[in-house]
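Student: I would like to go through the labels used for this model and see what each one rests on.
Tutor: Then ask about them one at a time.

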Amino acid sequence: MVDEKEKIKCVRCSHVADDKDKYCIKCGAPLMNYCADTKRGKSKHHCGANNKRDAHYCSKCGHETIFKQRGLI
Ligand SMILES: [Zn+2]
Ligand SMILES: [Zn+2]
């Protein structure tokens, strides 16, 4: 009975996004609060964990999240 599909709302402009969207089509803000430690190529360990939308730091590795890094929260 519980609808597990939560509507994704943009943290910056509150636009309701599509499930598949990764970025807000209205303002370009990221919709998922990934760990910012996702350096491709150079860094061997990139975390990239998907964190809660109000998380300032990654619950897995303690690195800043992209929401925090971009000043969205
Ligand atoms: Zn937006
Ligand atoms: Zn992390």
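**Labels and their grounds**

Student: Why is Ala-55 called buried?
Tutor: This is a predicted model, and in it Ala-55 has a relative accessible area of 14%. Buried means under 20%, so Ala-55 is buried.

Student: Where does Ala-55 lie, and which residues is Ala-55 in contact with, leaving aside its neighbours within four places in sequence?
Tutor: Ala-55 is in the loop between E4 and H1. With those neighbours set aside, its contacts are Asn-33, Thr-65 and Ile-73. Contact here means heavy atoms within 4.5 Å. As for Tyr-34, 21 residues away along the chain, its C-alpha atom is separated from that of Ala-55 by 9.4 Å.

Student: What do Cys-35 and Cys-61 tie together?
Tutor: Cys-35 is in the loop between strand E3 (33–34) and strand E4 (50–51), and Cys-61 is in the loop between E4 and helix H1 (66–69), so the pair ties together parts 26 residues apart in sequence.

Student: Are Cys-35 and Cys-61 buried or exposed, or in between?
Tutor: Cys-35 has a relative accessible area of 0%, so Cys-35 is buried.

Student: Which residues are the protein donors of the zinc ion (ligand 1), and how are they spaced?
Tutor: The donors are Cys-10, Cys-13, Cys-24 and Cys-27, each through SG, lying 2.3 Å from the zinc ion (ligand 1). Their spacing in sequence is C-x2-C-x10-C-x2-C. Cys-13 is in the loop between strand E1 (8–9) and strand E2 (16–17) and Cys-24 in the loop between E2 and E3, so this pair ties together parts 11 residues apart in sequence.

Student: How do you know that the site of the zinc ion (ligand 1) is tetrahedral?
Tutor: Its 4 donor atoms make angles of 104 to 119°. These fall between 85 and 135 degrees, so the site of the zinc ion (ligand 1) is tetrahedral.

Methods
Residues numbered from 1 in each chain as written. Chains lettered and ligands numbered in written order. Predicted model: local features only at pLDDT ≥ 70, side-chain atom pairs only at ≥ 80, totals over all residues. Heavy atoms only, no water. Helix = DSSP H or I, 4+ residues; strand = E, 2+ residues; numbered from the N terminus. Buried < 20%, exposed > 50% of the residue type's maximum accessible area, 1.4 Å probe, protein only. Donors = N, O, S within 2.8 Å, 3.2 Å for Na, K, Ca; no water. Tetrahedral: all angles 85-135°; square planar, octahedral: opposite > 155°, others 65-115°.
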